[in-house]
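Visitor: I would like a close look at a single part of this model. Please set it in the context of the whole chain.

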Amino acid sequence: RIIVKMITDFTSVVHFRHPIELGGIYWAFGIVFTMLSLPVVITIYADQEGESSIVSLAWKLFYIFIPSNLVMFGVFFFNIEK
């Protein structure tokens, strides 16, 4: 259970979301919290004088990850049959 939750939360793999393991609103909150925590963690690392190359790479990945994740969620929710 713990491994499935970690994979689901940190990779946003929708297919791992099972109603018994991760309920709908709890799962959605975990995904949103993961996305919102990324800039906070990058900023904390930069404030603690982390390597600038790692910080710039992290921001680049953040700017790629968040829009692509939102687009994929939009496509997923658009394709749900009612």
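Guide: The chain holds three helices and zero strands. Helices are DSSP runs of H or I with at least four residues, strands are runs of E with at least two, and both are numbered from the N terminus. Along the sequence the pattern reads α-α-α. This is a predicted model: local features need pLDDT of at least 70, side-chain atom pairs count only at pLDDT 80 or more, and totals for chains, interfaces and linings use all residues. Residues are numbered from 1 along each chain as its sequence is written, and side-chain values use heavy atoms, with hydrogens and water left out.

Asparagine 69 sits in helix H3, residues 52-78. The 27 residues of H3 should span 39 Å at 1.5 Å a residue, and the end C-alpha atoms are 39 Å apart, which agrees. That expected span is 1.5 Å times one less than the number of residues.

Asparagine 69 has a relative accessible area of 7%, so it is buried. Buried means under 20% relative accessible area, exposed over 50%, and partly exposed in between (1.4 Å probe, protein chains only). The buried residues of H3 are Val55, Phe62, Ile66, Asn69 and Phe73. Across the chain, buried residues make up 20% of the 82 residues.

Leaving aside residues up to four places away in sequence, asparagine 69 touches Ser12 and Met35. Contact means heavy atoms within 4.5 Å. Of the chain's contacts with a separation of 6 or more, 39% join residues 24 or more positions apart.
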